[in-house]
Amino acid sequence: MASARAARGRWIENWDPEDEEAWERGGKHVARRNLVLSVLAEHVGFSVWSMWSVLVLFMSPKIGLDFAPDEKFLMVVVPTLVGALLRLPYSSAVTRFGGRNWTLFSSLVLLVPAAATVYFVQRPGTPLWVFLLIGAAAGAGGGNFASSMTNITAFYPQRKQGWALGLNAGGGNLGVAAVQLLGLLVISVAGDTHPAYVAAFYLPLIALTALLAALRMDNVAMVRAEPGAQREAAANPHTWWISLLYIGTFGSFIGFGFAFGLVLQSQFGSTPLQAASFTFLGPLLGSVARPLGGRIADRFGGARVTMWAFAGMAVGTGVLLWAGENGSFALFVAGFTWLFVVSGVGNGSTYKMIPAVFARQAEDAITSGRDATAAFAASRRLSGAVIGIAGAAGALGGVAINLAFRSAYGGAGGGAPAFWSFLAFYGLCAVVLRAVYLRGERPSDPLPAAEQSRASHVR
């Protein structure tokens with residue numbers, strides 16, 4: 001790592017975070033600085049991505065923007081969909097253009113939807129298609145998760161990536177709660193006729209993030225992503241089983257985060273202030289629960305904890321069905337908040353399954369006579385690719401959540417059909433866990449013995 005401190009804006013050469021001496025000599029400080037700014041960029045990206053979950057609460061005849069419930073759900077579906085579709089290309093882009101360069105670009109892009117929102121929400125009579133285009137542009141913030149996670153893996157040694165990636169992901173997820181708290185603040189202070197204040201708040205914050213990325217972040221010349229890794233992962237059935245599970249966990253978290261306020265308005269006729277008073281709590285607790293889920297999975301096994309999470313989500317969905325049928329607002333909010341918490345736990349435990357599953361495959365390959373170094377290298381390569389694919393699939397789950405709500409509340413009935421469909425999907429995920437993963441998982445053994453031995457040798 002002798003030439004690691006290259007001139008600002010140039011690529012860092014010979015970066016090897018597994019070199020313990022170079023790491024202690026200064027590599028960890030470089031990694032920490034890039035992590036802090038990566039968390040900031042991802043947090044702002046998540047906030048812009050989920051901004052429409054707040055803005056739709058302001059849409060009313062009072063500001064000349066009167067849209068039906070199904071049209072409002074469509075406004076939150078579009079950014080969710082675009083954010084999901086951008087995750088794979090964003091993950092690849094950072095390996096080509098560098099973490100600093102791509103963070104700078106992806107941050108500046110967010111100025112477009114934020115500025116357009118400020119302008120058009122102040123123009124009564126703006127048609128739906130304009131807001132759908134702006135929401136699509138805001139979806140770029142959802143892609144920031146994939147590029148940020150890929151970038152951080154290049155700075156940290158294998159033994160420290162769990163903590164760094166957990167912090168990075170949790171900081172990003174908190175952006176959902178942050179923008180909803182901002183919406184509550186605006187409604188409480190200025191009333192429910194000033195949605196432009198929400199978007200305007202992020203204009204200087206986006207500019208500051210881009211400036212800090214330009215001045216303080218680094219590009220790494222040897223980002224650990226190999227050509228063909230995603231194709232190789234796509235051919236592995238575990239990629240799709242884990243993606244299915246992540247649709248259930250992260251898809252629920254982000255889908256409910258986007259829809260919660262609209263559901264309260266549609267189910268109970270809540271005012272914008274009433275809805276905004278509760279929408280932030282679930283995403284906040286769910287974001288905090290994500291690293292907790294990973295830590296518990298270290299002790300008891302990722303599949304086992306994920307099964308507990310789906311059981312908890314099924315219970316929470318049952319509570320929502322009962323509360324909706326009986327008109328209990330307090331129980332409905334409590335049930336939704338519980339869903340956020342257990343889906344957050346499931347987010348962390350599902351991601352913990354990825355390296356364990358592929359490390360176990362590597363151990364099986366070694367037992368069959370393959371070279372240990374090549375087997376574990378393939379394990380890490382596949383794990384990185386699956387993280388990107390599962391992240392994109394999970395965000396698509398948020399699209400399905402909002403489409404289900406749009407269909408349910410756009411008709412004559414309430415939200416019960418949507419909740420029943422969620423309950424059925426959680427049952428499917430439990431069956432997959434039981435059949436594919438749970439039988440062979442050993443608690444307190446997140447990595448096979450051979451990988452643990454190799455990790456000890458690296459230390």
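The chain has 18 helices and 2 strands. Helices (H or I, at least four residues) and strands (E, at least two) are DSSP runs, numbered from the N terminus. This is a predicted model: local features need pLDDT of at least 70, side-chain atom pairs count only at pLDDT 80 or more, and totals for chains, interfaces and linings use all residues. Residues are numbered from 1 along each chain as its sequence is written, and side-chain values use heavy atoms, with hydrogens and water left out.

**The whole chain**

Buried means under 20% relative accessible area, exposed over 50%, partly exposed in between (1.4 Å probe, protein chains only).

**Helix α1**

Select helix α1, residues 20–49. Look for salt bridges (a side-chain nitrogen of Lys or Arg within 4 Å of a carboxyl oxygen of Asp or Glu). The structure holds 4 of them.

Start with E21 and R25. Their closest N and O atoms are 3.7 Å apart. The two residues are 4 apart in α1, so about one helical turn separates them. E21 is exposed at 61% relative accessible area, and R25 is exposed at 54%.

Next, pick E24 and K28. In this salt bridge the closest N and O atoms are 2.9 Å apart. Both residues lie in α1, again 4 residues apart. E24 is partly exposed at 42%; K28 is partly exposed at 23%.

Now select R33 and D218. What joins them? A salt bridge, with the closest N and O atoms 2.4 Å apart. R33 is in helix α1 and D218 in the loop between α9 (196–216) and β2 (219–220), so the pair ties together parts that are 185 residues apart in sequence. D218 is buried at 4% relative accessibility, and R33 is buried at 16%.

**Helix α12**

Move to residues 272–279. The buried residues here are P272, A275, A276 and T279.

**S349**

Go to helix α15, residues 329–367, and pick S349. Is S349 buried or exposed? S349 is buried, at 0% relative accessibility. A polar atom of its side chain lies 3.2 Å from the backbone oxygen of G346. Beyond four places in sequence, S349 is in contact (heavy atoms within 4.5 Å) with residues including G293, A297 and T306.

**Last stop: L85**

Select L85 in helix α3, residues 69–97. L85 is exposed, at 52% relative accessible area.

Terms used
Polar contact = N/O pair within 3.5 Å; in protein donor to acceptor, adjacent residues only side chain to side chain.
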